[in-house]
Amino acid sequence: MLRSVVRSISRTSNRFYSDVAHPKITTHYTVVPRESDERWKEVNMERFEDEADVVIVGGGPSGLSAAIRLKQMCKKNDLDFRICVVEKASEVGGHILSGAVIETKGLDELLPDWRNMDHPLKTPVSIDKFAYLTETGRFNIPILPGFPMNNHGNYIVRLGHLVKWLGEQAEELGVEIYPGCAAAEILYHDDGSVKGVATGDVGIAKDGSPKSTFEPGMALHAKVTLFAEGCRGHLTKQLETKFSLRDNVAPQSYGIGLKEIWEIPAEKHTPGLVEHTIGWPLVSMTMYC
Ligand SMILES: Cc1cc2nc3c(=O)[nH]c(=O)nc-3n(C[C@H](O)[C@H](O)[C@H](O)COP(=O)(O)OP(=O)(O)OC[C@H]3O[C@@H](n4cnc5c(N)ncnc54)[C@H](O)[C@@H]3O)c2cc1C
């Protein structure tokens with residue numbers, strides 16, 4: 001049946017694609033190795049190499065907290081480790097978009113004196129509201145003790161500002177941060193253990209050939225490489241596959257967070273107010289906050 005449908009479609013359909021031969025498209029050298037690609041024959045691909053004690057991939061809350069804690073431990077134990085963070089955003093915090101309500105336990109443990117510093121957590125939560133919405137109405141629901149919507153003691157902040165500030169704290173402790181550097185490849189020792197990462201090459205044309213501006217990425221070797229790329233990082237996923245890290249473990253679960261910025265009349269703005277709603281405009285009991 002399927003075969004006869006396909007045959008009748010191919011009899012009646014016209015060809016709308018071009019017959020012109022296109023140059024071979026190289027997607028990535030891990031797919032089509034450059035050694036067997038004529039266009040890369042004379043190109044110098046030697047990478048500049050650098051060595052650190054710890055390389056951290058990703059300057060988000062996790063990567064920067066790890067860097068800060070490591071430096072604190074170095075200070076405590078009179079050690080001077082070179083700790084480098086590579087961050088693909090052009091500035092620290094640049095890719096951190098979530099507007100967040102922050103529970104400060106982690107920060108209290110990391111930087112116990114943060115409240116006395118010039119920090120970005122300026123807006124404590126003062127009012128929590130929870131409601132079921134219909135298209136035309138609103139039913140308030142009390143926030144009982146133990147409900148996750150109880151945000152008293154937490155702070156409203158743009159997470160990017162907190163991350164930028166964490167970056168400043170890390171640099172003050174001596175962490176080297178390299179914004180604008182995406183780790184593009186994991187490097188391995190001969191025994192298969194992780195040696196470090198390489199940052200992305202620049203100056204490659206759309207068809208995968210080298211441009212005159214081609215510069216190979218830099219190899220960063222380290223005793224320890226820490227991957228803090230966030231949710232579903234592309235290098236982390238390679239490591240998960242190579243080292244079977246997700247075998248026999250519970251599947252990861254994800255929630256989708258959407259950020260909307262609303263412009264509202266100034267008189268309606270209540271600093272410190274957090275609204276949680278379920279119902280309209282979403283179907284069933286989806287939570288919106
Ligand atoms: C819409 C939304 C709302 C949220 N609201 C809240 C909230 O209210 N409260 C709360 O506590 N949490 C909230 N979160 C969750 C919070 O944002 C995350 O838990 C947190 O950002 C995770 O930190 P992370 O450092 O693990 O990863 P990320 O924040 O994702 O940081 C990863 C960093 O690594 C960089 N990076 C990734 N790959 C590479 C690479 N190969 N090379 C170099 N750099 C790389 C990225 O640019 C990024 O800067 C929210 C998330 C979203 C999306």
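Mentor: Ser-244 is partly exposed, because its relative accessible area is 37%, and the class covers values between buried, under 20%, and exposed, over 50% (1.4 Å probe, protein chains only). Before going on, note that this is a predicted model, in which local features need pLDDT of at least 70, side-chain atom pairs count only at pLDDT 80 or more, and totals for chains, interfaces and linings use all residues. Residues are numbered from 1 along each chain as its sequence is written, and side-chain values use heavy atoms, with hydrogens and water left out.

Where is Ser-244 placed? Ser-244 lies in the loop between α5 (234–242) and β14. These labels follow DSSP runs, numbered from the N terminus: helices are H or I, at least four residues, and strands are E, at least two. Now look at the backbone. Phi of Ser-244 is near 50°, a positive value, and Ser-244 is not a glycine. Most residues other than glycine have a negative phi.

Which other residue in the loop between α5 and β14 deserves a look? Go to Asn-248, which is placed there. Asn-248 is not a glycine either, and its phi is positive, about 55°. Buried or exposed? Asn-248 counts as exposed, because its relative accessibility reaches 82%.

Step back into helix α5. Gln-238 sits in this helix. Gln-238 is partly exposed, with a relative accessible area of 39%. Its C-alpha atom is 9.6 Å from the C-alpha atom of Glu-185, although 53 residues separate Gln-238 and Glu-185 along the chain.

Now step forward, past β14. The loop between β14 (273–279) and β15 (287–288) holds Pro-281. Its backbone deserves a look too. The peptide bond from Trp-280 to Pro-281 is cis, with omega near 5°. Most peptide bonds are trans.

Compare some other loops. Ser-209 is in the loop between β11 (202–204) and β12 (210–215). At a relative accessible area of 14%, Ser-209 is buried. Its side chain makes a polar contact of 2.6 Å with the side chain of Asp-207. A polar contact is a pair of N or O atoms within 3.5 Å; within protein, one must be able to donate a hydrogen and the other to accept it, and sequence-adjacent residues count only through two side-chain atoms. Ser-209 also touches Arg-39, Trp-40 and Ile-204, leaving out residues up to four places away in sequence. Contact here means heavy atoms within 4.5 Å.

Thr-104 is in the loop between β3 (99–102) and α3 (105–110). Thr-104 counts as buried, because its relative accessibility is 5%. Beyond residues up to four places away, Thr-104 touches Trp-114, Arg-115, Leu-121, Gly-153, Asn-154 and Tyr-155.

Gln-72 is placed in α2. Setting aside neighbours within four places, Gln-72 contacts Leu-110, Leu-111 and Leu-173.

How many residues surround the ligand? The count is 25, with Ser-62, Glu-87, Lys-88, Val-101 and Ala-183 closest (near means a heavy atom within 4 Å). Ser-62 places a polar side-chain atom 2.6 Å from a ligand oxygen. Pro-61 brings a polar backbone atom to 3.2 Å from an oxygen of the ligand. Glu-229 has a polar side-chain atom 3.2 Å from a ligand nitrogen.

Last, the whole chain. The protein chain has 5 helices and 15 strands. Of its 289 residues, 33% are buried. Take the contacts between residues at least 6 apart in sequence: 70% join residues at least 24 apart.
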